[in-house]
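Please take a look at the structure below.

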Amino acid sequence: QMPPPSVAEIKSRLKGYRYRDLASKDVIDLLARFSYLKAADKLQPWPYAHHSRARQPLLMVSGTIPVIVKGMTYNIPIAIWLELDHPFKCPLVFVTPTQNMCLQQTPFVDQKGKVNLPFLEEWSYTQNSSSLITLAEVMCATFSDNCPVYTTRLPVHHSNSSHQACRLHTTSEVTRPNTTSEVTRPNTTSEVTRPNTTSGVTRPNTT
């Protein structure tokens, strides 16, 4: 993976921010701790019309955070938007499901993906030393018990194939990164000759 940008690089992207030194350090600390998050190269326009705010572009940090569900680690995609007064004003956070996911509304994530945590409501840089690292850690712990993501299941050759089903993830389904054994495992004889049960047609033995 690419090394995280320097404080100077992040600071140069924070045009219009009132506390650039503090904000850039907070971002750098977050990226160093969560390597699958990345800061946008430039300020981004606000895309969420259903959540009104000023139209000033903001710095977005996006990517995935590791969430442990039933002993397995999964990557949950999020986007963190830094307000212009960061870190003295709490960031705006959204779960951003990929194409094979859909949202599950929880007590902490609404139907549009906006994250609502007590930690954000109580955000205070001066009193609580609130930081992006702590925010990410709180989300990892919260999502472990209240996962906001479903997997998407396409129906297989049914008359109602126009309907796409979403069901809650299982430990084998949600964006778990491939392990070395999953990538490099060769086909065995049983795998080659095993009937293809997905289509319901037995694959002939070509040996």
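In the predicted model shown here, G63 stands opposite I78 in β3. Strands and helices are DSSP runs numbered from the N terminus, with at least two residues (E) for a strand and at least four (H or I) for a helix. β2 and β3 run antiparallel and are joined by 11 bridges; two strands count as paired if DSSP finds at least two bridges between them. Together β2 and β3 make a hairpin with 2 residues between them. In its turn sits K70, with a positive phi of about 50°.

On to the neighbour of β2: 3 bridges join β1 to β2 (residues 59-69), and these strands run antiparallel. Here K38 has S62 in β2 as its bridge partner.

Now step back to the sheet. Its 4 strands follow the order β1-β2-β3-β4, with antiparallel pairing, and the sheet is open.

Helix α2 (residues 20-33) packs on it, touching β1, β2 and β3 (72-82), and the direction of α2 makes about 150° with that of β1. Touching here is a contact, that is, heavy atoms within 4.5 Å. The angles run from 0 to 180 degrees between N-to-C directions, along lines fitted to C-alpha atoms, for helices over the stretch in contact. Helix α5 (residues 132-145) lies across β2, β3 and β4, running at about 40° to β2.

Next, look at the charged side chains. The structure holds 5 salt bridges, each a side-chain nitrogen of Lys or Arg within 4 Å of a carboxyl oxygen of Asp or Glu. One of them joins D85 and R18, whose closest N and O atoms are 2.8 Å apart. This pair links distant parts of the chain: D85 is in the loop between β3 and β4, and R18 is in the loop between α1 (7-13) and α2, 67 residues apart. D85 is partly exposed at 26% relative accessibility, while R18 is exposed at 54%; buried means under 20% relative accessible area, exposed over 50%, and partly exposed in between (1.4 Å probe, protein chains only).

Another salt bridge, between D29 and K25, has an N to O distance of 2.8 Å. Both residues lie in helix α2, 4 residues apart, about one turn of the helix. E137 and R33 form a salt bridge too, with their closest N and O atoms 3.8 Å apart. E137 belongs to helix α5 and R33 to helix α2, so the pair ties together parts that are 104 residues apart in sequence.

Finally, the whole chain. It has 7 helices and 7 strands. Of its 207 residues, 37% are buried. Among contacts with a separation of 6 or more, 52% are between residues 24 or more positions apart. The chain exposes about 12700 Å², with carbon and sulfur atoms supplying 52% of it; accessible areas come from the Shrake-Rupley method with a 1.4 Å probe, and for residues only the protein chains shown count as cover.

A note on reading these values: residues are numbered from 1 along each chain as its sequence is written, and side-chain values use heavy atoms, with hydrogens and water left out. As this is a predicted model, local features need pLDDT of at least 70 and side-chain atom pairs count only at pLDDT 80 or more, whereas totals for chains, interfaces and linings use all residues.
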